[in-house]
Structure formats: structure tokens, C-alpha cells
Amino acid sequence: MRSDWAKSYGQDRLPRYTSYPTAPHFSPSITEAHYANWLAALSASQPTSLYVHVPFCRAMCWYCGCHTSLTKRDEPIAIYTAALRREAKIVAQTIGHRQPISHIAFGGGTPTIMSPQSFIDLMGALHFSYAVHPDAEIAVEIDPRTLTADMTEALGQCGVNRASLGIQSFDPAVQRAINRLQSFEQTAAAVQSLRDAGVGRINFDLLYGLPLQTVDSCLDTVAKCIALRPDRLSVFGYAHIPSFKKHQRKIADDTLPDSPERHLQSEAIAEALIDAGYVRIGLDHFALPEDNLAIAQQAGRLHRNFQGYTDDSANILIGLGASAIGRMPDGFVQNAVPVRDYLARIAEGRLSTVKGYLLTEDDRFRADLIERVMCDMAVDLPQVSHLHGKDPHSAIIDRARIDRLVADGAVMLLDDRLSVSSGAEFLVRSVASAFDAHLARSTAVHSRAV
């Protein structure tokens with residue numbers, strides 16, 4: 001750990017590289033007609049994943065950067081879940097056969113905000129329209145504060161086998177500052193009920209860099225998490241972009257830790273989890289050694305997608321719901337973001353795509369470089385270049401950045417094999433950005449590197 005690295009690079013605003021190119025480069029020039037053609041070209045031999053977005057919550061957490069909205073009523077949620085069932089059918093009919101599905105992920109918002117029967121009906125619709133593999137991973141994001149016994153039973157009944165619980169922090173002062181009061185006892189009860197229902201794989205989501213957060217409060221939160229022994233934890237830095245999400249303006253800037261303090265929090269969490277037997281996975285995930293993510297990293301088959309690090313090797317992702325992003329062999333697509341626009345398109349029997357991106361050969365080359373750096377903390381430039389028929393010397397776009405990282409000891413470059421130095425893993429986004437051909441002309445506002 002080097003505090004001077006955090007000071008030197010911590011203020012850089014960089015993508016999280018869960019895709020390449022990143023979403024700000026999507027364009028309305030990619031239409032539903034493109035998506036229809038791409039879907040119709042899919043083969044039944046190509047493993048595919050599903051992402052289902054549910055953009056509703058009962059209360060707004062002030063740190064949230066997701067596409068979500070508040071509702072106290074159940075009617076809008078019921079209308080939306082009916083649209084999801086119809087969209088699943090429209091997409092499947094466009095494909096022309098029951099596409100094999102290896103992973104299903106429900107995100108939000110709060111997916112478990114829908115009624116238990118609505119969830120059961122939606123899962124039935126997915127099984128009807130797609131060939132869901134019997135061993136498919138089915139993961140659902142959960143707010144422990146609103147999880148009911150009936151929904152827990154429905155999750156188990158539908159074969160959900162992984163639950164990702166939002167925690168962020170157990171510090172009451174931090175919770176008040178982010179408008180998310182959630183006790184340890186509440187969380188522990190949710191974990192036990194999920195395990196009792198057969199949802200055996202548990203993930204926790206934590207944040208550092210939150211208002212009023214300290215290293216000590218981070219360590220207290222981690223200790224409580226370890227007592228519940230989740231299979232995985234994701235540990236993200238809070239991205240404070242109030243110009244993008246207006247509710248973040250409720251968080252006072254002077255309550256936020258600076259980059260060196262954020263770095264100390266991040267590393268303290270990492271050290272505590274490693275001491276407790278967890279394996280560090282890439283930049284921001286941790287897993288027990290027997291978890292599939294740790295096994296994939298050990299075997300060199302770790303991947304990164306919109307959900308973060310994954311062992312999912314499917315390169316096709318079908319996104320369902322408002323704002324959902326999908327990936328096809330030819331490029332990316334994104335659905336309409338406003339729920340009313342999404343519902344109108346689905347009601348007309350149309351695909352909801354409003355923008356996307358057509359991949360070039362150079363994009364595919366750089367996507368592989370960035371994924372390997374983000375997953376392996378290293379990349380063999382000649383090897384990846386050879387796979388794409390590229391000159392290894394063309395791989396690095398921002399040579400000045402790499403030279404600086406090398407000079408600072410954060411990166412090693414030997415025989416065109418680049419590797420991130422031990423202790424500098426938190427700078428991997430800075431390393432990945434050196435391969436990004438789009439970053440220099442991007443006007444998007446990204447989160448801080450540290």
C-alpha cells in the first residue's frame with residue numbers, strides 16, 4: 001500500500017470498465033431494427049445470460065447511482081412486471097427459438113419489491129420463453145429492510161440460488177447520512193431466512209468513501225459481515241456525482257473523506273477480509289476460496305460485465321426492463337430509461353431499444369486488453385494482439401500514463417507483459433484507461449479512481 005499513489009492518481013475520474021466501450025459512448029444510431037437483426041442471428045448453441053432490471057424502491061438511498069424511482073403503491077410495480085413478461089416473449093419471438101440461458105440476474109432498484117406471485121409468474125415466463133439450464137445461476141439483489149417471509153419462500157420456490165444483499169455500512173451515523181437505516185439484526189434475519197429457503201449463496205455489497213465514514217467504522221462493519229459468513233463481498237467506492245443524481249446533493253461535500261482517506265478505508269477492508277480467509281478478486285470483490293469466483297480467478301477464466309466480476313463465460317447478455325443494457329456479438333443495446341417510455345414501447349409489441357453501440361475490431365481488441373488487466377492484474381500484450389491480428393506496439397494508447405505508472409513503481413512492463421505491482425491493485429482502472437481509445441474525447445463524468 002502506497003499513500004503517495006493514492007494522492008497522485010486518486011482524483012482521476014475514470015470508468016469502472018464493466019464494459020468497453022462504456023455506456024456514455026452508446027448512440028441512438030443503433031435502433032430496435034439493429035437489435036432485431038442481432039437477435040434473429042443468434043444460434044441456439046451460444047450460451048446466453050439474462051439481466052432483468054426492476055427500477056423501483058420504497059425509499060431513496062442518497063448515495064444511489066442506479067436508475068430507480070420511488071413508489072408507495074403496488075399498482076405501478078404490477079404493471080411493470082407484466083411488461084417484463086411481455087418483453088421476454090417479444091425478444092424470444094424475435095430470436096425464433098428458445099435461447100439457452102446459463103445465468104439470470106435481477107437488479108434494480110429493489111427486485112423483491114414485486115409481489116411474490118408476480119416474481120413466480122415472471123420466472124415462469126422466462127422458463128417458457130427460454131431454455132433455462134437446470135444448473136443456471138439465478139441471482140437477485142435484495143434490500144433486507146423490505147424482504148418478507150412470503151418473498152423469501154417464492155425465491156426458494158423459483159430456484160434462486162444466489163442473493164446479493166445491500167449493506168453499505170452498519171455505522172448508524174453513516175446510515176443516517178445516506179438515508180438507509182438497516183440494523184445488523186435485520187440483516188442477519190434476512191440471511192438466515194434465505195438460507196433456510198434454499199438460497200445458499202450469499203453476497204454482501206459494501207461501500208467506502210461514504211459521508212462520516214472512518215476506517216474504524218469500516219472495520220466494525222466488516223467484522224459484523226464476517227460473522228454472517230457471506231460467500232462473496234463487493235466493496236465499491238462511493239461515486240459522488242450530484243450533477244448526475246440530484247438526490248446526492250443531500251450529502252454534504254464536507255462530510256466526505258478525501259482520496260487518501262478513501263484509500264485507507266478500502267485497504268483496511270481488504271486486509272480484514274483477507275485475514276478472515278477471503279480471496280481478493282480483481283479490484284473490488286472478495287470470495288471464499290471454494291466460491292466459483294475464486295475458482296475462476298485461480299483458473300484464469302475470470303470475466304467482468306455489468307454486474308462486476310463473474311465466472312459467467314457467456315458473451316451474450318439479454319437485458320430486460322427499463323434502462324437494461326444487453327450485449328450481442330455485434331455490439332451493445334440499451335432500453336429506454338424512463339419507465340413510461342419503456343412501457344409504451346412494450347405495449348406496442350416493440351423492442352424497447354433506444355440506443356447502442358456497434359463494435360469495431362479495434363474495440364474488441366481493446367475490450368480484451370482491458371478485461372484481462374481488470375481481471376488478472378496483468379496482460380500479455382503480444383498474446384492478446386496476436387489473437388486480434390494487431391501490432392503489440394499499438395496496444396497502449398496513453399503511453400505517458402503507463403510510463404508514469406512504471407516510473408512510480410505501480411506497474412511493471414517486461415518483454416511487453418504488463419502487470420500491476422503488488423499493493424497497487426486499487427490503481428487498475430488507471431492502468432486500464434491507458435488502453436481506452438475513447439476516453440480522451442469522452443465528456444462523461446466518471447467516479448474517482450480512488
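Modeller: A pocket is an open set of points on a 1 Å grid over the protein atoms alone, with protein on both sides within 12 Å along at least five of seven lines. The model to which this is applied here is a predicted one.

Biologist: What volume does the second largest pocket have, and which residues of its lining lie nearest its centre?

Modeller: The volume of the second largest pocket comes to about 500 Å³. Its lining is made up of 25 residues, and those that lie nearest the centre are His303, Arg304, Asn305, Arg327 and Glu371.

Biologist: Which element supplies the largest share of the lining of that pocket?

Modeller: At least two lining residues of the second largest pocket come from each of S11, strand S13 (316–320) and helix H12 (361–376). By class, the lining of this pocket divides into 10 nonpolar, 9 polar and 6 charged residues. The largest share of the lining, 6 residues, is supplied by H12.

Biologist: Turning to the aromatic pairs, how is the pair of Phe26 and Phe332 classed?

Modeller: The structure holds 6 aromatic pairs. In the pair formed by Phe26 and Phe332, the ring centres are 5.5 Å apart and the planes stand at 20 degrees to each other. Planes under 30 degrees apart count as stacked, and the class of this pair is therefore stacked.

Biologist: How many residues apart in the chain are Phe26 and Phe332?

Modeller: Phe26 belongs to the loop between helix H1 (3–9) and helix H2 (32–40), whereas Phe332 belongs to strand S15 (residues 331–335). Phe26 counts as buried because its relative accessibility is 7%, and Phe332 is buried too, with a relative accessible area of 1%. The pair links distant parts of the chain, and the separation is 306 residues.

Biologist: Why is the pair of Phe306 and Phe332 classed as edge-to-face, and which residues form the cluster that ring pairs link together?

Modeller: The centres of the Phe306 and Phe332 rings are 6.0 Å apart and their planes stand at 80 degrees, so the pair is edge-to-face. Phe306 lies in the loop between strand S11 (303–305) and strand S12 (308–310) and Phe332 in strand S15, so this pair ties together parts that are 26 residues apart in sequence. At 25% relative accessibility, Phe306 is partly exposed. The cluster linked by ring pairs consists of Phe26, Phe306 and Phe332.

Biologist: Within what arc do the buried residues of helix H14 (residues 399–407) fall?

Modeller: The buried residues of H14 are Arg401, Ile402 and Leu405. They line one face of the helix, because their directions, seen down the axis of H14, fall within an arc of 95 degrees.

Biologist: What volume does the second largest cavity have?

Modeller: A search of the whole structure finds 3 cavities of 30 Å³ or more. The second largest cavity is lined by Leu381, Pro392, His393, Ile396, Arg399, Leu413 and Asp416, which by class are 4 nonpolar, 1 polar and 2 charged residues. The volume of this cavity is about 50 Å³.

How values were computed
Residues numbered from 1 in each chain as written. Predicted model: local features only at pLDDT ≥ 70, side-chain atom pairs only at ≥ 80, totals over all residues. Heavy atoms only, no water. Phe/Tyr/Trp six-rings, centres within 6.5 Å; stacked < 30°, edge-to-face > 60°. Helix = DSSP H or I, 4+ residues; strand = E, 2+ residues; numbered from the N terminus. Buried < 20%, exposed > 50% of the residue type's maximum accessible area, 1.4 Å probe, protein only. 1 Å grid on protein atoms, 1.4 Å probe; cavity = no way out; pocket = protein on both sides within 12 Å on 5 of 7 lines; lining within 4 Å. Points joined across faces, edges and corners; volume = space filled by probe spheres on them. Nonpolar A, V, L, I, M, F, W, Y, C, P; charged D, E, K, R; others polar. Arc of directions from axis to C-beta.
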